[in-house]
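Please read them with the coordinates open.

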Amino acid sequence: MIGIIGGTGLYTLAKGENVEKKTVETPYGISSPISIFKLYDKKIAFMPRHAEDHNYPPHKINYRANIYALKKIGVKQIIAVNTVGSMQENVKPGELLIPNDFIDFTKNRPTTFYDDKTVHIDMTDPYCPNIREVLINNGEVDVIDKGIYVCTEGPRFETPAEIRMFKKLGGTVVGMTGVPEVILARELEMCYASICVVSNYAASISKKKLTIDEVFEVLENKKQKLIKIIKKTIKKLKYDPNCKCQKALEGAKI
Ligand SMILES: CSC[C@H]1O[C@H](OP(=O)(O)O)[C@H](O)[C@@H]1O
Ligand code: HPA
């Protein structure tokens, strides 16, 4: 099964009587709602991480429940959508970027399933190379094929000094939700990649006040492009049981 995690502005992917809706109970609490349906004869589980009414702000999302729930219902590969601010002039609002690395500046989130045993997961290739390859070569929608995602705790936007620092560290885009999702998926041996939708220039790169209206407007304008790349990728994506994401615990446990 393929899991799609929707972010800001993407709360549903399919409606109707052929869609089964549920939340899943996990040892970490209840997951965000999940819709299960078929596309191109493949089983899809769609989960809006903030829930359908955007009830959960980024620092309050139950990331462990969400990822555990997807694993529990049989998801093996996850395509996540993350809305981001750009820290580079040449990465423009409206563009899509497929990140290849991240920097974690979150402060207050559980970032592991392994509190009671010692597990050190490899993060040399944090985003699944197989899913990334299909996203990049989807055959229809142009994307920027790499970039470093900086994750902040939020929910506030960043200060100019923070953006200057993130840029110096090599950051391309900034968001508030990519971590710990990407880590937790790897810990449960699921393939995970992200489509970043650039919704704005980050604070101080843009000279005007940052508003969520601007973010939602770009998302609304780019939604069809986003849905197209998701569908194209679902159609082309194959499941490889030998992908190294599926064997992440090998050599990771003490
Ligand atoms: C509404 S702007 C800030 C909000 O948007 C991003 O969410 P997501 O990655 O789920 O699309 C960002 O991380 C913040 O949560
Ligand atoms: O500029 C931003 N900063 C952090 N998160 C975001 N999500 C969309 N835009 C931004």
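1. A nonpolar core is here a set of buried Ala, Val, Leu, Ile, Met, Phe, Trp, Tyr and Cys residues joined through C-beta atoms within 7 Å. A residue is buried if 20 or more other C-beta atoms lie within 10 Å of its own, exposed if 12 or fewer, and partly exposed in between, with C-beta atoms placed from the backbone. The model is predicted: local features need pLDDT of at least 70 and side-chain atom pairs count only at pLDDT 80 or more, while totals for chains, interfaces and linings use all residues. Residues are numbered from 1 along each chain as its sequence is written, with chains lettered from A and ligands numbered from 1 in the order in which they are written.

2. The largest nonpolar core has 63 residues, and Ile78, Ile79 and Tyr192 have the most contacts inside it. Strand 12 gives the most to this core, eight residues. Helices (H or I, at least four residues) and strands (E, at least two) are DSSP runs numbered from the N terminus. Two residues are in contact if their C-beta atoms, placed from the backbone, lie within 7 Å. Apart from neighbours within four places in sequence, Ile78 is in contact with Gly3, Ile5, Leu70, Ala185, Met190, Cys191 and Tyr192.

3. Helix 5 (residues 212-236) has 25 residues and reaches 33 Å from its first C-alpha to its last, close to the expected 36 Å. That expected span is 1.5 Å times one less than the number of residues. Even so, helix 5 has a kink of about 55° centred on Lys222; the bend at a residue is the angle between axes fitted to the seven residues ending there and the seven starting there. Lys222 is also among the buried residues of helix 5, with Val215, Val218, Ile229, Ile230 and Thr233. The elements covering these buried residues include strand 1 (2-6), strand 7 (77-86), strand 8 (96-97), helix 2 (129-136) and strand 12 (191-201).

4. Which residues are closest to ligand 1? They are Gly7, Thr8, Pro58, Thr83 and Met176, out of 13 that surround ligand 1; a residue is near a molecule if its C-beta atom, placed from the backbone, lies within 6 Å of it. Strand 7 and helix 5 each supply at least two residues of this shell. By class, the shell around ligand 1 has four nonpolar, eight polar and one charged. Ala, Val, Leu, Ile, Met, Phe, Trp, Tyr, Cys and Pro count as nonpolar, Asp, Glu, Lys and Arg as charged, and the others, Gly among them, as polar.

5. Around ligand 2 are residues including Thr83, Met176 and Val215. Strand 7 gives the most to this shell, with three residues. The shell around ligand 2 divides into six nonpolar, five polar and one charged.

6. Backbone geometry deserves a check. Most residues other than glycine have a negative phi, and most peptide bonds are trans. The bond from Gly154 to Pro155 is cis, with omega near -5°, and Pro155 lies in the loop between strand 10 (148-152) and helix 3 (160-168). The bond from Val179 to Pro180 is also cis, with omega near 15°. Pro180 is in helix 4 (residues 178-187) and is buried, with 22 other C-beta atoms within 10 Å.

7. Tyr40, in the loop between strand 5 (34-39) and strand 6 (42-48), has a positive phi near 50°; Tyr40 counts as exposed because it has 11 C-beta neighbours inside 10 Å.
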